[in-house]
Amino acid sequence: MKAEYIPPQYAEGAFNCPNCHVYAKQSWFYMAGAAHKDGYGSMYQNKQFLVSNCEKCDFPTIWLGEKIIFPIHSASEPPNSDLPDDIKLDYEEARTIANLSPRGAAALLRLAIQKLCAHLGQPGKNINADIKTLVANGLPPKVQEALDSVRVIGNDAVHPGAIDLKDDMVTVNKLFKLVNFITNKMITEPKEIDELYGSLPQEKIDGINQRDGTKENA
């Protein structure tokens, strides 16, 4: 079972590192430096800037207040490897800008959800209607609740790809998870089951087909 991705959070003791992506303990420090004036040196701390240092990769993440400013790429979870390539591009672009523009990232992720619904055989024009059909086809009903929770459907919903002035990093991280969750349930898991079934000896498959045929004729 895939471990849950824990996004970096201000002052938390452990999360998935933005650099190595491993869940690891973090040590926190104020950024310090040397000041030189009139030939004299002294140390100072700037408490606006914090550094979280990863125990796993020993690499720093730099924060300005509660916002990550280095590394520049998003600390959000990577895309599911089974996500179609064109949708993966939208996902990765959203990861790149998420720290600087959560609203822009959320708009890209809504577009990615729209495209994903189309890839799964839905019209791809109304996320609410598409997800409702996917739930009827086996997607867990909790997905629809997740969609409601991030305001991608409902009376106050924005259109896929549109900017919502209320979007923030909490919403963006839920949208990243939602894209991966739908991909896992509707693409990855069926593929894994097909691969498992296909690895059975042919005589076993023939026996299963015969059994199922007997059931149908009973």
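Tutor: Ala11 sits in the segment before strand S1 (14-16); strands (E, at least two residues) and helices (H or I, at least four) are DSSP runs numbered from the N terminus. The phi of Ala11 is near 70 degrees, a positive value in a residue other than glycine. Before going on: this is a predicted model, in which local features need pLDDT of at least 70 and side-chain atom pairs count only at pLDDT 80 or more, while totals for chains, interfaces and linings use all residues. Residues are numbered from 1 along each chain as its sequence is written, and side-chain values use heavy atoms, with hydrogens and water left out.

How confident is the prediction? pLDDT is the predictor's confidence in each residue, from 0 to 100, and its mean over the protein chain is 83, with 88% of residues at 70 or more. Helix H1 (residues 85-97) has the highest confidence, at 94, and helix H6 (residues 202-217) the lowest, at a mean of 67. Where pLDDT is low, the predicted coordinates should not be read in detail.

Next, the hairpin. Strand S4 (residues 60-64) and strand S5 (residues 67-70) run antiparallel and are joined by 3 bridges; two strands pair if DSSP finds at least two bridges between them. Ile62 has Phe70 of S5 as its bridge partner, and Leu64 stands opposite Lys67. There are 2 residues between the strands, and Gly65 in the turn has a positive phi of about 65 degrees. Pro71 itself lies in the loop between S5 and H1.

That brings us to H1 and its neighbours. The axes of H1 and helix H2 (residues 102-119) come within 8 Å and cross at roughly 165 degrees; axes are lines fitted to C-alpha atoms over the stretch in contact, and angles run from 0 to 180 degrees between N-to-C directions. H1 and H2 are therefore roughly antiparallel (under 35 degrees is roughly parallel, over 145 roughly antiparallel, 65 to 115 roughly perpendicular, the rest oblique). Their crossing is left-handed, meaning the near helix is turned anticlockwise from the far one by less than a right angle, with clockwise for right-handed. Contact here is heavy atoms within 4.5 Å, and the residues making it include Ile87, Tyr91, Ala94 and Ile97 of H1 and Leu108, Leu109, Ala112 and Leu116 of H2. By class the contact has 11 nonpolar, 2 polar and 4 charged residues (Ala, Val, Leu, Ile, Met, Phe, Trp, Tyr, Cys and Pro are nonpolar, Asp, Glu, Lys and Arg charged, the others, Gly among them, polar).

H1 also packs with helix H5 (residues 169-198), at about 160 degrees and with axes 11 Å apart, so this pair is roughly antiparallel too. The crossing is left-handed. Tyr91, Ala94 and Arg95 in H1 meet Phe176, Val179 and Asn180 in H5, giving 4 nonpolar, 1 polar and 1 charged residues.

Finally, the axes of helix H3 (residues 127-136) and helix H4 (residues 142-149) come within 9 Å and cross at roughly 160 degrees, so H3 and H4 are roughly antiparallel. Their crossing is right-handed. Ile127, Asn128, Ile131, Lys132 and Val135 of H3 make the contact with Val143, Gln144 and Leu147 of H4, which comes to 5 nonpolar, 2 polar and 1 charged residues.
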